[in-house]
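Here is my note for your first look. Keep the structure open and check each point as you read.

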Amino acid sequence: MAETGLAARLYRGEAGLNIVGRRKVWFTVAALLVLIALGSVIFRGFSLGIEFAGGNSFQVPTSVGTMERAETGAAEALTSAGDGARVVTAQQVGGGGGGEFYELRTTQLDAEQAEAVRVEMGRIFNVDPAEIASNRVSEAWGSQVTNRALLGLVIFLALVTVYLVLRFEWQMAAAAIFALVMNLVLTSGIYSIVGFEVTPSTIIGLLTILGFALYDVVVVFDKVQENTRGITANNNQTYGEAANLAVNQSLMRSINTSVVALLPVGGILFIGAGLLGAGTLKDLGLVLFVGMAMAFLTSITLATPLLAVLKNRDPRIQAHNKRVQTRRATVTRGETPARPGAPRPAERAEEPVAAEAGALAAAAAPKVGARPAGKRAAGGRGGRPGGGSRPGGGKRR
Amino acid sequence: MAPPQGQMRPGRQLAVLGGIFVVLYLLVFFSGGASGGWKDRLEPRLGLDLVGGTRLTLEATNTLDGRAPTAENLERARQIIESRVNAYGVAEAEVVTEGDRNIVISLPGENRDLNEVGSAAELRFRKVLKIADGSGAIPAPAPTESAEATPSGTPSPSGSASPTPDAEASASPSAGGQGGGAPTPTPSETPAATPPPAASEEPVPQSVEEQRRAVEQKVGAEAWAAASALQAPADLSADPSLADKLKPFAELSGREVAVLPAQMQFNVPTIGCAQLDDRPPASISDPEQQVVACEGGYAKNLLDVAKVLGTDVSDANAVRDQTSQWVVSLNFTGSGQEKWTGLTREAFNNEGQACDASALGDEGKCRVAVVLDNEIISSPQIQGVLTGNSQITGNFTNAEASELAGYLSYGALPVTFEAQEQQNVTATLGASHLRAGLLAAGIGMLLVIIYSFFYYRLLGSVIFLSLILSALLLFGAMVVLGRQIGFTLTLAGIAGIIVSLGVAADSFVIYFERLKDEIREGRTPRSAVPRAWVRARRTIISANAITIMSAVVLYIVSVGTVKGFAFALGLATVLDLLVVFLFRHPIMTMFARTRAFLSPRVSGLGRALPARSEQAPPRNQRVKEA
């Protein structure tokens with residue numbers, strides 16, 4: 001039946017993927033990747049943009065002729081006005097429909113020389129110097145941006161930790177921050193390995209990812225918190241199972257969230273890289289794309305398993321887990337349900353649903369009194385004749 | 001129907017949203033600063049990377065130890081730079097401080113050369129004690145630097161402004177009392193053997209000491225000893241062996257030269273003006289120190305401590321005198337006038353014979369150098385004890401006089417600056433950036449909408465509508481904020497808005513998935529809506545809170561384009577929350593009452609219902625029991 005297909009189960013939040021149970025695998029994979037990433041960062045380093053090395057770039061309209069013409073002209077201008085500077089790279093970039101440009105990067109010139117070179121280029125190419133765009137950055141600029149970014153990172157981490165501890169609990173805060181750090185490390189690793197250029201825009205983007213990575217984690221943890229509220233009151237599930245269920249239930253949400261977040265960023269990347277060739281948009285788009293994809297993976301595979309590990313050290317949770325296991329042992333079926341990874345989707349789907357109903361009932365119960373909204377919903381439930389729309393739903397796929 | 005507590009009254013919330021819209025767009029069209037036709041009033045302020053223009057980021061490099069200037073000084077510097085930029089006659093120039101040490105100058109429109117704007121540094125008036133050849137040449141051809149190398153970041157107005165012999169300061173009202181032979185101590189002149197404790201009042205003297213030791217190692221002990229032993233500028237042609245010894249000094253960079261004691265800088269002939277002019281901007285700003293500075297790139301002057309500072313000048317103007325020559329007239333502040341009178345008396349009388357013969361003007365009077373940054377921009381001979389406003393005369397053209405006056409009146413920057421980043425964006429490039437940014441935003445929005453229609457069917461239209469609403473709110477807010485607090489939309493800002501699209505769409509996903517959860521649990525869509533809302537609200541708020549938190553932190557600490565990005569992201573996220581609360585939920589509540597909502601085919605919720613044949617009844621049962 002189609003309903004057992006992964007997509008369909010994902011759709012209904014019943015994928016039954018054993019994510020928390022396989023945490024050793026994830027942690028090992030993550031540790032390996034971190035080693036690779038760190039190794040690459042240490043031994044290969046990053047390819048830094050001119051903002052870090054210092055340098056100039058000039059954008060000359062393509063109307064001046066071929067790229068060679070632009071390059072020789074630029075070299076000429078540099079010789080006469082640039083005091084030993086030379087052209088480092090030359091590339092053609094699109095103008096997004098507004099004309100095309102050659103971008104010529106040179107070694108560092110001081111402000112006066114840069115201006116002189118621009119005017120000289122205008123003379124050589126016979127265009128108005130006002131048509132030649134130029135950028136000049138000193139080598140200190142990149143490091144200033146970076147220092148600021150690091151400061152921002154520290155402040156943000158402190159704030160967000162406080163927030164998460166208040167909003168959730170310390171284990172969740174720790175797990176979320178851990179996932180965040182992993183995310184940063186892995187993203188920088190990718191940058192180092194692939195050799196994407198690192199510019200100040202990249203660093204901004206990296207900071208934005210922080211918000212996003214946590215966003216994802218918060219969505220999952222919210223569900224975990226809901227599923228495990230009052231978990232010690234009955235003996236159906238261990239904490240890990242409840243957490244795993246939460247991941248599965250919010251998997252579709254996570255996927256959708258990530259896809260929806262990635263789509264516009266993909267738009268930025270497409271336009272930035274495809275049409276503009278270089279600059280803020282491309283740098284931002286790339287780092288956001290890579291980082292958000294990472295954020296999705298780490299929030300699923302690292303944050304929740306780590307949360308389970310941390311929670312399992314809690315004596316109350318430990319005792320609870322033991323009770324669940326002893327109860328299962330006495331029930332003794334043919335197969336121990338304690339291993340939720342068993343590849344039997346049909347039956348698996350059954351089990352957590354039952355547990356979920358219990359857990360949710362437990363969670364919902366106090367709410368009825370606490371929230372007037374719940375009262376009404378309860379009333380609605382009473383009058384529901386089995387859900388009027390259900391049969392229609394059943395027919396679908 | 002009277003909704004129970006907790007149940008939203010959709011109508012009221014939509015009305016609130018409508019009210020916000022009306023107010024916002026009234027502000028857009030009629031708030032202060034709105035002018036021109038309807039279309040003009042709808043234009044947000046665009047950053048210069050979108051319209052073309054020049055942006056220059058200056059970083060304060062106040063001291064050798066690299067501490068940030070005080071907020072007061074930075075603000076004062078900003079005002080000075082702003083008035084300087086405005087002196088170009090540029091409309092809409094924007095000069096803002098950023099962080100604790102940056103000043104950003106933005107000039108939309110045409111490209112301009114802003115080099116001088118931030119370059120001017122602290123202005124000092126110092127008596128000229130000695131003058132020596134500053135070519136840095138040694139008999140044997142050696143120095144690598146050519147004398148014409150211009151110092152970075154410092155324009156050299158010196159050359160033309162005041163050829164020394166002509167420039168002279170004359171007392172306009174009267175050459176008041178010339179008496180007062182009070183012996184003014186100019187102590188450091190005589191015992192030149194011991195290098196003055198230069199830079200001793202630097203907050204971190206060690207670092208200067210260490211740098212000096214590093215230089216000592218670089219040139220070698222022998223050269224150092226020879227240089228220290230010099231009492232006066234060495235005559236290398238008379239002593240070729242000394243030339244060899246001192247040769248290593250020719251290799252030093254400006255930064256290294258700057259840490260040497262002033263006497264050494266002056267006495268070692270292999271240190272040339274090229275190196276001296278290349279010193280970092282703040283190197284000789286300390287008024288308590290004797291310093292060495294060059295005039296016109298060839299004459300090396302040993303200057304006394306600064307007795308009058310730029311802050312003592314209240315005003316300077318280029319005016320024509322009786323003979324219709326261009327002169328620069330100077331006014332001092334109250335206490336500044338006293339100091340200036342004292343300085344001119346000293347110079348006029350050459351008290352204590354402080355000025356060396358080499359430094360005296362034609363009439364045997366000392367000269368007073370006007371020092372800006374590392375260079376002397378003018379060194380007029382003092383022609384009297386000046387008790388009132390004074391003039392600097394010379395063969396100035398109008399432009400030269402104006403330039404000098406500009407430096408004198410605005411030159412009192414309490415902070416020195418180095419250009420960190422300069423962007424000249426042409427109008428064509430700016431326009432294409434704008435197009436690309438809007439295109440990217442459009443594509444992003446389209447993709448999100450396609451995805452949501454594909455995935456959530458008719459509910460996609462709610463997403464579509466609220467994205468439109470968010471966009472309208474955001475646009476209005478940008479126009480108003482652009483006018484009220486000078487918010488400018490940059491390319492990075494557009495990127496921030498695009499990213500926020502994702503955030504906005506995410507809050508739907510959370511809500512709708514929650515809705516599906518509720519339906520899966522067996523609720524009717526109608527009763528699921530309020531329940532899903534209560535739970536999704538929590539998640540949405542915490543998730544958005546994190547995004548807002550990161551935007552705020554980024555905005556506060558960051559520099560450069562990051563600020564625009566963070567602001568746009570934060571603004572868009574806040575507005576998204578508004579739309580979530582005031583539009584999405586009420587509209588869903590209303591939607592839930594319609595028949596169409598009950599059709600899974602339309603709402604896309606039906607797929608959430610498990611395809612149950614045999615499973616459904618038992619599940620249902622459990623839910624009910626629970």
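1. A term first: a residue is buried when its relative accessible area is under 20%, exposed when over 50%, and partly exposed in between. Keep in mind that the model is predicted.

2. Start with the aromatic rings. There are 14 aromatic pairs over all chains. One of them joins Phe332(B) and Trp340(B), which are stacked, with 4.9 Å from centre to centre and 20 degrees between the planes. Phe332(B) and Trp340(B) are both buried.

3. Next, look at Tyr555(B) and Phe567(B). Their planes meet at 55 degrees and their centres are 5.5 Å apart, so this pair is tilted. The two residues are 12 apart and link distant parts of the chain: Tyr555(B) lies in helix H18 of chain B, Phe567(B) in helix H19 of chain B. Is Tyr555(B) buried or partly exposed? Its relative accessible area is 35%, so Tyr555(B) is partly exposed.

4. Ring pairs also build a cluster from Phe508(B), Tyr511(B), Phe512(B), Trp533(B) and Phe581(B). Over the ring of Phe508(B) sits the charged end of Arg584(B), 3.3 Å from the ring centre. In chain A, the charged end of Arg167(A) sits over the ring of Phe168(A), 4.5 Å from its centre.

5. Now the surface. A nonpolar patch there consists of Val25(A), Val29(A), Leu33(A), Ile36(A), Ile193(A) and Val194(A), with about 490 Å² of accessible area together. Which helix gives the most to the patch? H2(A) does, with four residues. Leu33(A) lies in this helix. Its relative accessible area is 40%, so Leu33(A) is partly exposed.

Notes:
Residues numbered from 1 in each chain as written. Chains lettered and ligands numbered in written order. Predicted model: local features only at pLDDT ≥ 70, side-chain atom pairs only at ≥ 80, totals over all residues. Heavy atoms only, no water. Patch = residues over 30% accessible without salt bridge, like charges linked within 9 Å, V, L, I, M, F, W, Y side chains within 5 Å. Areas by Shrake-Rupley, 256 points an atom, 1.4 Å probe, with all protein chains shown as cover. Salt bridge = Lys/Arg side-chain N within 4 Å of Asp/Glu carboxyl O. Buried < 20%, exposed > 50% of the residue type's maximum accessible area, 1.4 Å probe, protein only. Phe/Tyr/Trp six-rings, centres within 6.5 Å; stacked < 30°, edge-to-face > 60°. Lys NZ or Arg CZ within 6 Å of the ring centre and 35° of its normal.
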